[in-house]
Amino acid sequence: MLTVLCIGFGNIAKRHIHNLNGIKPISKLCVVRKSHQKESIADVKDVRFFQSIDEIPDSIIFDFALICSPSSAHLHDMVNVKRKGIRFFVEKPLLASANEIVQLDDLLGNENLPVVGYNLLYTRGFQKIAALLKQKTVGDIWQIDCKVGQYLPDWRSNKPFSHTASANASMGGGALLELSHELNYLLELFKFNSLTIQANLMSHSSLKMDCENQVDILCKAILSDKDNPVSMHINLNMLSRNATRYLTIEGTMGSLYWDLVKQVIEIKLFDQTTKIVDVSEDPNIAYKHLMYAALDEQGSGLKTERFDKAKKTMQWIEWIRIAAREKKQMSYDLTW
């Protein structure tokens, strides 16, 4: 049985609570949220709501914490949770800014690193793509095309999009942070030595928000095991009325196409051989695997590697912002 602290109480927090309770039953749950509203949670009898972590009695000893607040509050919340000596999980993105990485490293060191909520890494589709690349199924990679687009008002039907963190810069909103899954899984799939980046950040007036709702990124990437550059195009947007999410990888022996909406992978080889791989699964399965990973008390090398990639994702986001602001190509080293 677990005594759990949850900071933030949006849809994603409720999903994690449900999944966590299915793995190890929650005997007591304390929720920190700004709203005075109290809600019941199925299968968790003892639920208490607070507006600040400081309101929680010191007599309550927590086994685990879920940090599901807006990313602008993540560092502050991690400080408070670490101060109480609680193991924790943190939703993606890890931070609101790469400028906070040094403070985070000082806080955490190299022990008991948290799992970050990049659930795509735990899908069948990601695992299959990673295996195909390891097997060099399509030969040497020369081009990568990646896109995700979904209309922001469709994300959360229970509240106006303008009231959500996704649409507000002060809360860590915008396409770069909110749709950083793609940047993260690219760092997991490919070992980049360096990136030369051009970028455009746009805020289309069709959605009233004070942060970007479309990002276009062009990169020349040098992989650690190759001298020849790889061209890469990434589009992140909150505008597409028809949800779109895919990854295309072109190689010297053919191509891979991962459709994350239809949950299929198409393998096309130079000899005209085509294979369709079904990677469909209940979307909640990946979120369950996140909680299994987060509860791993022994830790693992994979957890450390993925935490490092979550930090590098934040650094990549910062470089994209700089390239867009400077309106020129910027080159960066990823071997740190």
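## Cysteines

A search of the whole structure, which is a predicted model, finds zero disulfides, a disulfide being a pair of cysteine sulfur atoms within 2.5 Å. The cysteine sulfur closest to that of Cys6 belongs to Cys68, and because the two lie 4.6 Å apart, they are too far from each other for a bond. Cys6 counts as buried at 0% relative accessibility, where buried means under 20% relative accessible area, exposed means over 50%, and partly exposed lies in between (1.4 Å probe, protein chains only). Cys211 is likewise buried, with a relative accessible area of 7%.

## Basis of the values

Residues are numbered from 1 along each chain as its sequence is written, and side-chain values use heavy atoms, with hydrogens and water left out. As the model is predicted, local features need pLDDT of at least 70 and side-chain atom pairs count only at pLDDT 80 or more, whereas totals for chains, interfaces and linings use all residues.

Thr3 is placed in strand 1, residues 2-7; strands (E, at least two residues), like helices (H or I, at least four), are DSSP runs numbered from the N terminus. With 13% relative accessibility, Thr3 counts as buried. Leaving aside residues up to four places away in sequence, Thr3 touches Ser27, Lys28, Ile60, Ile61, Phe62, Asp63 and Phe64, a contact meaning heavy atoms within 4.5 Å.

## Aromatic pairs

The count comes to six aromatic pairs, under a rule by which rings of Phe, Tyr and Trp (its six-membered ring) pair if their centres lie within 6.5 Å, with planes under 30 degrees apart counted as stacked, over 60 as edge-to-face and the rest as tilted. One of them joins Phe190 and Phe192, whose ring centres are 6.0 Å apart and whose planes stand at 35°, so this pair is tilted. Both Phe190 and Phe192 are buried, and ring pairs link these two residues and Trp316 into a cluster.

Tyr246 and Tyr257 also form a tilted aromatic pair, with 5.8 Å from centre to centre and 35° between the planes. Tyr246 lies in strand 10 (residues 244-251) and Tyr257 in strand 11 (residues 254-259), so the pair ties together parts that are 11 residues apart in sequence. Tyr246 counts as buried at 18% relative accessibility, whereas Tyr257 is partly exposed, with a relative accessible area of 28%.

## Charges over rings

Arg241 lies over the face of Tyr151, at 3.7 Å from the ring centre, and the charged end of Arg306 sits over the ring of Tyr122, 5.0 Å from its centre. A charge sits over a ring if NZ of Lys or CZ of Arg is within 6 Å of the ring centre and within 35 degrees of the ring normal.
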